[in-house]
Amino acid sequence: MLSPKMQEALNSQINAEYYSSYLYLSMAAFCDRIDLKGFSHWFRIQSQEEMIHVMKFFDYILDRDGQVTLTAIEAPPTSWPSALGVFEAALAHERHITNRIGKLVELANAEGDHPTHALLQWFVNEQIEEEASVDTIVKQLRMAGDAPVALLMIDRELGQRTLTPATE
Ligand code: OFO
């Protein structure tokens, strides 16, 4: 049985993961608008991955006989200063999510909730991967600077991304 505090925090994380999905979908629309179709594709996949995160928390709460409470999702921004700007914002967002996951781990520890602690370890590892992949793209974009050829090469590479379903 989940404690009321843990249940509330996990429901709040469902909202945060939904917001992540929403944010990345908005970033996909922005990248499409500035004609970076590969970037747009990458963010579409990212948005879908976030929905997998939503469902992990959703299913987990139900498996623990808890109550899922869906709340309003904040509207994300609709534009960014540049292709680099959009990925810098994505990196800042992932760091924010890592922080949130860390706080959930602390709460699970304080509550002596071992099952939730075990679930969260998956997210701890996922965040390492997510931050690293976005950080690499930010660095490549900084290297590319204003060179359109380099930007188009990165765009082509990002367009190859496929959705890799989350493993247990
Ligand atoms: Fe981007 O990992 Fe979930 O939010």
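The legends below describe close-up views of a predicted model. Residues are numbered from 1 along each chain as its sequence is written, and side-chain values use heavy atoms, with hydrogens and water left out. Local features need pLDDT of at least 70 and side-chain atom pairs count only at pLDDT 80 or more, whereas totals for chains, interfaces and linings use all residues.

**View A. The aromatic pair of Phe30 and Trp80.** A search of the whole structure finds eight aromatic pairs. Rings of Phe, Tyr and Trp (its six-membered ring) pair if their centres lie within 6.5 Å; planes under 30 degrees apart count as stacked, over 60 as edge-to-face and the rest as tilted. Phe30 and Trp80 are edge-to-face, at 5.5 Å centre to centre and with 70° between the planes. Phe30 belongs to helix H1 (residues 4-33) and Trp80 to the loop between helix H2 (37-63) and H3, so the pair ties together parts that are 50 residues apart in sequence. Helices are DSSP runs (H or I, at least four residues), numbered from the N terminus. Phe30 and Trp80 are both buried, a class that means under 20% relative accessible area, with exposed over 50% and partly exposed in between (1.4 Å probe, protein chains only).

**View B. Trp122 with Phe123 and Lys56.** The rings of Trp122 and Phe123 form an edge-to-face pair, 4.8 Å centre to centre with 80° between the planes. Trp122 counts as buried at 17% relative accessibility, and Phe123 is buried with a relative accessible area of 0%. The charged end of Lys56 sits over the ring of Trp122, 4.4 Å from its centre. A charge sits over a ring if NZ of Lys or CZ of Arg is within 6 Å of the ring centre and within 35 degrees of the ring normal.

View D. On a 1 Å grid over the protein atoms alone, a pocket is an open set of points where a 1.4 Å probe fits, with protein on both sides within 12 Å along at least five of seven lines; lining residues have an atom within 4 Å of a point. Ser82, Ala83, Leu84, Leu141, Arg142, Gly145, Asp146, Ala147, Pro148 and Leu151 line the second largest pocket. Helix H3 (83-111), helix H4 (114-144) and helix H5 (148-158) each supply at least two residues of the lining. By class, the lining has six nonpolar, two polar and two charged residues.

**View E. Asp35 and Asp65 in their loops.** Most residues other than glycine have a negative phi. Asp35, in the loop between H1 and H2, has a positive phi near 65° and is exposed, with a relative accessible area of 58%. Asp65, in the loop between H2 and H3, has a positive phi of about 65° and counts as exposed at 65% relative accessibility.

**View F. The side chain of Asn11.** Asn11 is found in helix H1 and is buried, with a relative accessible area of 8%. A polar atom of the Asn11 side chain lies 2.9 Å from the backbone oxygen of Gln67.

Definitions and conventions. Ala, Val, Leu, Ile, Met, Phe, Trp, Tyr, Cys and Pro count as nonpolar, Asp, Glu, Lys and Arg as charged, and the others, Gly among them, as polar. A polar contact is a pair of N or O atoms within 3.5 Å; within protein, one must be able to donate a hydrogen and the other to accept it, and residues adjacent in sequence count only if both atoms are side-chain atoms.
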